[in-house]
Amino acid sequence: MTAATLAQPSPAIDGNLDPMPRMDPPGRPLTKYVFIQNDPFYLPKVLDKYLREFADSTAGINIQSVAQGKRTVVQTAMDLLNMYGPWYFQWKFRNYLWKKLQAKLFNDILGSTSRCYSVRAVARRYNIPVHDAPDVNSESFLSMLRQNNVEFIVSISGTQMYRRPLREQTPWGIVNCHGALLPKYRGLMPSFWTLANDEKLGGVSVHYVDKKLDNGPILVQKSYRIHPHDTLEDVMARSKDLAAEAIIECVRKIEAGNPALIPNPASELSHFSMPTKADVKRFRAAGHKFF
């Protein structure tokens with residue numbers, strides 16, 4: 001019996017989900033792996049919630065750069081400075097340095113994980129190995145995943161594309177958590193664009209990774225209300241809080257087998273990239289603030 005014949009026919013599955021992940025019940029916890037962005041603000045809590053449930057079956061973690069798209073970290077920082085302006089940028093940058101300093105002092109030098117200020121420290125708290133690799137599609141990284149018998153991958157705000165060889169060797173597939181109600185707001189910085197477009201509802205979607213960006217069928221989708229007083233930081237915090245719940249629910253659905261899928265039709269998509277200063281003016285005109 002092949003994986004394709006085991007999957008439930010679903011209108012949510014199109015030709016882009018190739019290779020088709022197995023959807024039959026494994027009858028045991030799958031061996032999992034996590035891709036996560038090196039964000040010190042919200043993702044340590046998301047990873048902690050995930051590992052509380054699945055640390056025993058997680059083989060490792062790859063921490064990916066915070067750089068957006070094909071940009072370097074410096075280019076991303078300069079783009080954010082130009083876009084946000086100096087006031088919000090300096091506030092964000094000071095908080096970033098403070099988090100990094102706390103992580104270095106408490107988690108690295110003192111070796112404490114009673115409070116974690118980085119995703120690396122959270123991994124250490126649960127004794128999960130971190131595999132440093134700039135390209136998760138490299139043969140050396142794929143070989144490491146095979147040696148650890150990884151069957152299923154969870155991407156939490158990952159910043160890399162996951163190419164066919166990686167998808168092929170991961171039998172139960174790769175899922176990605178995106179901070180928007182797909183198929184709308186594919187691409188970069190969905191929280192910003194949701195506010196700039198004066199939406200009244202935001203959300204998160206956990207979907208299968210296929211050939212295209214943010215395109216695969218959706219496994220779990222959760223929404224939250226947006227209020228006129230909400231700032232960008234409010235929305236990002238709410239989004240990441242819901243992301244943890246959605247990821248845990250997704251993993252349980254996959255391991256239960258034959259998960260119900262929600263269509264993610266390309267005919268209804270909207271796609272966004274880095275905002276311009278004109279977009280920031282529209283964001284402010286809608287009455288929103290950054291923090």
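This is a predicted model: local features need pLDDT of at least 70, side-chain atom pairs count only at pLDDT 80 or more; totals for chains, interfaces and linings use all residues.
Trainee: Where does Met23 lie?
Mentor: Met23 sits in the loop between helix 1 (3–6) and strand 1 (32–37).

Trainee: How many Å separate the C-alpha atoms of Met23 and Pro171?
Mentor: They are 9.1 Å apart. Along the chain, Met23 and Pro171 are separated by 148 residues.

Trainee: New topic. Which strand holds Ser205?
Mentor: Ser205 is in strand 6, residues 201–208. With 0% relative accessibility, Ser205 counts as buried.

Trainee: Which side chain makes a polar contact with the side chain of Ser205?
Mentor: That of Gln221, at 2.7 Å. A polar contact is a pair of N or O atoms within 3.5 Å; within protein, one must be able to donate a hydrogen and the other to accept it, and residues adjacent in sequence count only if both atoms are side-chain atoms.

Trainee: And which backbone oxygen lies 2.7 Å from a polar atom of the Ser205 side chain?
Mentor: The one of Ala180.

Trainee: What else is Ser205 in contact with?
Mentor: Contact means heavy atoms within 4.5 Å. Leaving aside neighbours within four places in sequence, the partners of Ser205 include Asn176, Cys177, His178, Leu181, Ile218 and Val220.

Trainee: Let's do charges. How many salt bridges are there in the whole structure?
Mentor: A search finds 17. A salt bridge is a side-chain nitrogen of Lys or Arg within 4 Å of a carboxyl oxygen of Asp or Glu.

Trainee: Which residue does Arg52 pair with?
Mentor: Arg52 forms a salt bridge with Asp48, with the closest N and O atoms 2.9 Å apart. Both lie in helix 2 (residues 43–54), four residues apart, about one turn of the helix. Arg52 is exposed, at 60% relative accessible area, whereas Asp48 is buried at 10%.

Trainee: Which partner does Asp108 have?
Mentor: Arg124, with the closest N and O atoms of this salt bridge 3.1 Å apart. Asp108 is in helix 4 (residues 86–109) and Arg124 in helix 5 (residues 119–125), so the pair ties together parts 16 residues apart in sequence. Asp108 is partly exposed at 39%, and Arg124 is partly exposed at 34%.

Trainee: What about Glu168?
Mentor: Glu168 forms a salt bridge with Arg164, the closest N and O atoms being 3.0 Å apart. They are four residues apart in helix 7 (residues 164–168), about one helical turn. Salt bridges with shared partners join Asp18, Arg164 and Glu168 into one network.

Trainee: Last one. How many residues has helix 9?
Mentor: Helix 9 has 25, running over residues 232–256. From first C-alpha to last, helix 9 reaches 36 Å, close to the 36 Å expected. The expected span is 1.5 Å times one less than the number of residues.

Trainee: What comes just after helix 9?
Mentor: Gly257, with a positive phi of about 95°.

How values were computed:
Residues are numbered from 1 along each chain as its sequence is written. Side-chain values use heavy atoms; hydrogens and water are left out. Helices (H or I, at least four residues) and strands (E, at least two) are DSSP runs, numbered from the N terminus. Buried means under 20% relative accessible area, exposed over 50%, partly exposed in between (1.4 Å probe, protein chains only).
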